[in-house]
Amino acid sequence: LANCSVAKFIAQAYPSRAVLRRHPPPDPRKLEGLQKFCQKHNLVLDASSAGALHRTLELVQAAAKASDNPGAAEVITLQVTKPMQLAQYF
C-alpha cells in the first residue's frame, strides 16, 4: 500500500519523470548460509526465484505459528532477509 501511494504521488507531482526500483539478487554466500540453516532445522527452502522464496517463507511461517513455538516464525523471517540486498533506485 505504501509503495502504491508513493508511486501515485510521484506520478502526479512529476508526470514526465519516472523512478524505478530494483532489487539485486540475494548475496550468494548469505543464501548458502540460509540453506544450511534450513537444512539444520528440517525446513524446505526453494530459492529458485523471488516468488518461490516468498511462498516458502509463507509456508514455513504458517507452520511455525501453528506449532508450540510461534517465535520461530520471526527467527525464520530474520534469517530469510539476511541474504537480501537493498533496493536500488534510478
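Hi everyone, let me start with D27, which touches P83 and Q85, leaving aside residues up to four places away in sequence; contact here means heavy atoms within 4.5 Å. D27 sits in the loop between β1 (21-22) and α2. Helices (H or I, at least four residues) and strands (E, at least two) are DSSP runs, numbered from the N terminus. D27 and Q85 are 58 residues apart in sequence, and their C-alpha atoms are 6.9 Å apart in space.

A quick word on what we are looking at. This is a predicted model, where local features need pLDDT of at least 70, side-chain atom pairs count only at pLDDT 80 or more, and totals for chains, interfaces and linings use all residues. Residues are numbered from 1 along each chain as its sequence is written, and side-chain values use heavy atoms, with hydrogens and water left out.

Now to the helix pair. At what angle do helix α3 and helix α4 pack? The angle between α3 (residues 50-66) and α4 (residues 71-81) is about 160°, and their axes are 8 Å apart. That angle makes α3 roughly antiparallel to α4. For the terms: axes are lines fitted to C-alpha atoms, for helices over the stretch in contact, and angles run from 0 to 180 degrees between N-to-C directions. Angles under 35 degrees count as roughly parallel, over 145 as roughly antiparallel, 65 to 115 as roughly perpendicular and the rest as oblique.

Which residues make the contact? From α3 we have L53, L57, V60, Q61, A64 and K65, and from α4 there are A72, A73, I76, T77 and V80. By type, the residues of this contact of α3 with α4 split into 8 nonpolar, 2 polar and 1 charged. Here Ala, Val, Leu, Ile, Met, Phe, Trp, Tyr, Cys and Pro count as nonpolar, Asp, Glu, Lys and Arg as charged, and the others, Gly among them, as polar.

Let's stay with A72 in helix α4 for a moment. A72 and Q61 are 11 residues apart in sequence and 7.8 Å apart in space, C-alpha to C-alpha. A72 is partly exposed, as its relative accessible area is 21%. Buried means under 20% relative accessible area, exposed over 50%, and partly exposed in between, with a 1.4 Å probe and protein chains only.

On to helix α2. How many salt bridges does the structure hold? There is 1, and K36 forms it with E32, the closest N and O atoms being 3.4 Å apart. The criterion is a side-chain nitrogen of Lys or Arg within 4 Å of a carboxyl oxygen of Asp or Glu. K36 and E32 are 4 residues apart in helix α2 (residues 28-40), so about one helical turn separates them. K36 counts as exposed at 52% relative accessibility, while E32, at 42%, counts as partly exposed.

G33 is also found in helix α2, and G33 is partly exposed at 36% relative accessibility. G33 and M84 are 51 residues apart in sequence and 12 Å apart in space, C-alpha to C-alpha.

One backbone detail to look at on the screen: N42 has a positive phi of about 55° although it is not a glycine. N42 lies in the loop between α2 and α3, and N42 counts as exposed at 72% relative accessibility.

Last stop, N3 in helix α1 (residues 2-13). N3 is exposed, with a relative accessible area of 54%.
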